Amino acid sequence: MALTRREFIKFTGLGLAASSLGMLGFGASGEAQAAAVRPFKLTHATETRNTCTYCSVACGILIYSMGDRAKNARSNIIHIEGDPDHPVNRGTLCPKGSALLDIVHAPTRLKAPRYRKPGGTEFEEVSWDFALDRIARLMKDDRDKNFIAKNAAGTTVNRWTSVGMLAASASSSETSYLTWKVVRSLGMVVFDNQARV
């Protein structure tokens, strides 16, 4: 790059002025300004701590939503990021966790249970009360029909072998432990979890 003497003196003067401002304490002003931008974006948002639901790592996330939090009012989730205070991920997220906001707002996301009648070909949207009552009824009927209280030798075994349980992979250790206790108290022998709890 060819510089004239006049351009060289201009660049030297600019460099001297910039370094002088830095020495006077104005060097960190750019960093301070960048740090001040983030709080303004989320000033009026409600912060909620949660766990990423993708895998058994259970990374902590912060969910920011807008809304007045009034009863029966829907909040709009505007931002999701890693929780820097969480001991598992320390604020970092994998690519799937980083895309959580897109999944929340996806138009194809199911927001209510669906039910297909026996012999039917189409799923219909049903209420949570209907879905949970139906699951509980089917489990009770199957347990009553297939429960094994004693084996052939007369030893009490209390087994329910016709149904198994696949637990959530993103649940915490405490939730997995409680799930395991409930499943075993029902007599289920088949129990699996992605986290292998």
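Aspartate 85 and arginine 49 form a salt bridge whose closest N and O atoms lie 3.6 Å apart, a salt bridge being a side-chain nitrogen of Lys or Arg within 4 Å of a carboxyl oxygen of Asp or Glu. The pair links distant parts of the chain, 36 residues apart: aspartate 85 belongs to the loop between strand S3 (76-82) and helix H3 (95-98), while arginine 49 belongs to strand S1 (residues 46-51). Helices (H or I, at least four residues) and strands (E, at least two) are DSSP runs, numbered from the N terminus. The model is a predicted one, in which local features need pLDDT of at least 70, side-chain atom pairs count only at pLDDT 80 or more, and totals for chains, interfaces and linings use all residues. Residues are numbered from 1 along each chain as its sequence is written, and side-chain values use heavy atoms, with hydrogens and water left out.

Aspartate 85 is exposed, at a relative accessible area of 57%, whereas arginine 49 is partly exposed at 48%. These classes follow relative accessible area: buried is under 20%, exposed is over 50%, and partly exposed is in between (1.4 Å probe, protein chains only).

The structure holds 5 salt bridges. Another one of them joins glutamate 124 to lysine 117, with 3.8 Å between the closest N and O atoms. Both ends are partly exposed, glutamate 124 having a relative accessible area of 35% and lysine 117 one of 48%. Aspartate 141 also meets arginine 137 in a salt bridge, at 2.8 Å from N to O. These two residues lie in helix H5 (residues 128-146), 4 residues apart, or about one turn of the helix. Aspartate 141 is partly exposed, with a relative accessible area of 37%, and arginine 137 is likewise partly exposed, at 47%. Salt bridges with shared partners also join Arg49, Asp83 and Asp85 into one network.

Aromatic rings come next. Rings of Phe, Tyr and Trp (its six-membered ring) pair if their centres lie within 6.5 Å; planes under 30 degrees apart count as stacked, over 60 as edge-to-face and the rest as tilted. By this rule the count is 1 aromatic pair. Tyrosine 115 and phenylalanine 130 have ring centres 5.2 Å apart and planes at 70°, so the pair is edge-to-face. This pair, too, links distant parts of the chain: tyrosine 115 is in strand S4 (residues 114-115) and phenylalanine 130 is in helix H5, 15 residues apart. Tyrosine 115 is buried at 18% relative accessibility, while phenylalanine 130 is partly exposed, with a relative accessible area of 34%. A ring also takes part in a contact with a charge: the charged end of arginine 143 sits over the ring of phenylalanine 147, 4.4 Å from its centre. Such a contact requires NZ of Lys or CZ of Arg within 6 Å of the ring centre and within 35 degrees of the ring normal.

Isoleucine 148 stands opposite arginine 159 in S7. The hairpin of S6 and S7 has 5 residues between the strands, and in this hairpin glycine 154 takes a positive phi near 90°. S7 also pairs with strand S8 (residues 188-193), here in the parallel sense and over 5 bridges. In this pairing, alanine 167 stands opposite asparagine 193 in S8.

Elsewhere in the chain, threonine 92 lies in the loop between S3 and H3. Threonine 92 is exposed, with a relative accessible area of 51%. The C-alpha atoms of threonine 92 and glycine 60 are 8.8 Å apart in space, the two residues being 32 residues apart in sequence.

For the chain as a whole, there are 6 helices and 8 strands. Along the sequence they follow the pattern α-α-β-β-β-α-α-β-β-α-β-β-α-β. Of the 197 residues of the protein, 18% count as buried.

Technical notes. Pairing = 2+ DSSP bridges.
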